[in-house]
Amino acid sequence: MWQGESYWLVRVVFQRGLALLYLLAFLVAANQFRPLAGEDGLLPLEWYVDGVSFRERPSLFYFVPTDRAIGITAWTGVALSTLALVGAPYWLPVGYATPASMALWASLWALYLSFVNAGQTFYGYGWESMLLETGFLAIFLGSGSVEPPFVVILLLQWVLFRNMFGAGLIKLRGDDCWRDLTCMDYHYETQPIPNPVSWFAHHLPDRFHRVETFGNHVLELLVPFLYFAPQPLSALAGLATIGFQGWLLVTGNFAWLNALTIVLAIPTFSDGVIASVLPISAPATAPTPLYLEAAAILLAIFVVALSVRPVKNMLSERQLMNTAFDPLHLVNTYGAFGSVTRDRYEVVVEGTTEEEISHETEWHSYRFKGKPTDPERRPPQVAPYHLRLDWQLWFAAMSPSPRRSPWFRRLLVKLLEADDETFDLLAAAPFDGEPPTHVRAIRYRYRYTTPEQRAASGRWWSRERVGTYVHPVSLEELRSRDPRMR
């Protein structure tokens, strides 16, 4: 151990936090995967099976591409996550606790890998790879009364370092506003899914935004090097990271990215540090079993070898963010918001039951759970739950047409069919669940109202129409244009 430090309490807290995020991830899969990427999803499962080989993107669903398999896998993941959350392996005799823990965490990793690799665009986020990488390392932490291998603690700190430092580097390289300290002037308004505090954060003084942008650089480019320092420097660096991620949690909806980063910061502490501030202490522990130490050393050698490409990418002038370099997502490269959009665009989907379309046609909006469709609606708090369709709509709205979003026209088909599973992804649908005759999509530019405007009107947003994303179209027209819409 580093200077005689113990990490039994650290492991317990870390495992509970990771188990909670796994539980959340499997609940999201149980509720959303089938309408998004199931047999008849917006990106059908057969598109994954036909588009790649198993070796490229291994998944259980490659061999059993059915909604039934999706449901069984998701709810199995929920059950196993619950066992990990309550610390079930710790209930077993000392000789069985670690093997049971390894089997449990390996199962969670393999099951979730199946969703990530088959989920296509809807699972193309950096926190998916980070959850898998972190979950794979958790297999080798052990359980029961034995001490965790210190080398695995270091490997978890290595994930945290690449996450934070990679994000810092890509910001400096990616957008002038990070260098002139103005990015936060736009971030709170243009982030994918603002939350109730985002409006207030946006209206903080310009001087505050300059300071927080500079602080972002310090926390992402300098502090990460202290993760590997002796205590208490490592714990102080972890505490600073937790505070930073906590602010991001309070001011935005970033799925479980911030929560996972907080969990990854736990290994920067030690039992001594935790016991010095909390009224808890570790029980008497046994040495790490020889087989677990050996496995951890082999794991470290493996991770070092796989780290070559992510490190080269991180140091490259053409740095890619949120990229997996192997099909198992074992060692990845991370980074967020290398560029910040200056304007917020939204796609508003509308339907009508009228048979003939004219200038007098009355249109009614479909409401999404996290999107600011209604300017009077307060931005919701949804994170760490992940609204995958809402996130993809944010990306889709950046383009003036859906050509780069093949799932969008299938969404329109589902709305025209009044598909119940698709409706479950929405906050509200007009027409009492009945199918419309036509749908269309309008593109708007949204801006936060000023404090004076909100006081007078009660609106959180103002908006202006900037174009038509999809012209009025019927179900028959969509199907005739593209056979894949059938």
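1. Helices (H or I, at least four residues) and strands (E, at least two) are DSSP runs, numbered from the N terminus. Please keep in mind that this is a predicted model, where local features need pLDDT of at least 70, side-chain atom pairs count only at pLDDT 80 or more, and totals for chains, interfaces and linings use all residues. Residues are numbered from 1 along each chain as its sequence is written, and side-chain values use heavy atoms, with hydrogens and water left out.

2. The α3/α4 crossing is left-handed (the near helix is turned anticlockwise from the far one by less than a right angle). In contact (heavy atoms within 4.5 Å) are, among others, Ile70, Leu80 and Leu83 of α3 with Leu104, Trp105 and Phe115 of α4. By class, this contact has 10 nonpolar, five polar and no charged residues. Nonpolar covers Ala, Val, Leu, Ile, Met, Phe, Trp, Tyr, Cys and Pro; charged covers Asp, Glu, Lys and Arg; the others, Gly among them, are polar.

3. Now to the charged side chains: a search of the whole structure finds 17 salt bridges (a side-chain nitrogen of Lys or Arg within 4 Å of a carboxyl oxygen of Asp or Glu). One of them joins Arg162 to Glu133, with the closest N and O atoms 2.3 Å apart. Arg162 sits in helix α6 (residues 150-174) and Glu133 in helix α5 (residues 126-138), 29 residues apart. Both Arg162 and Glu133 are buried (under 20% relative accessible area; exposed is over 50% and partly exposed in between, with a 1.4 Å probe and protein chains only).

4. Asp185 and Arg210 also form a salt bridge, at 2.8 Å from N to O. Because Asp185 belongs to helix α8 (residues 184-190) and Arg210 to helix α10 (residues 206-221), the pair ties together parts 25 residues apart in sequence. Asp185 is buried at 18% relative accessible area, whereas Arg210, at 26%, is partly exposed.

5. Glu350 is buried at 7% relative accessibility, and Arg440 is buried at 16%.

6. Finally, do look at the network of salt bridges linking Asp343, Arg445, Arg447 and Glu464.
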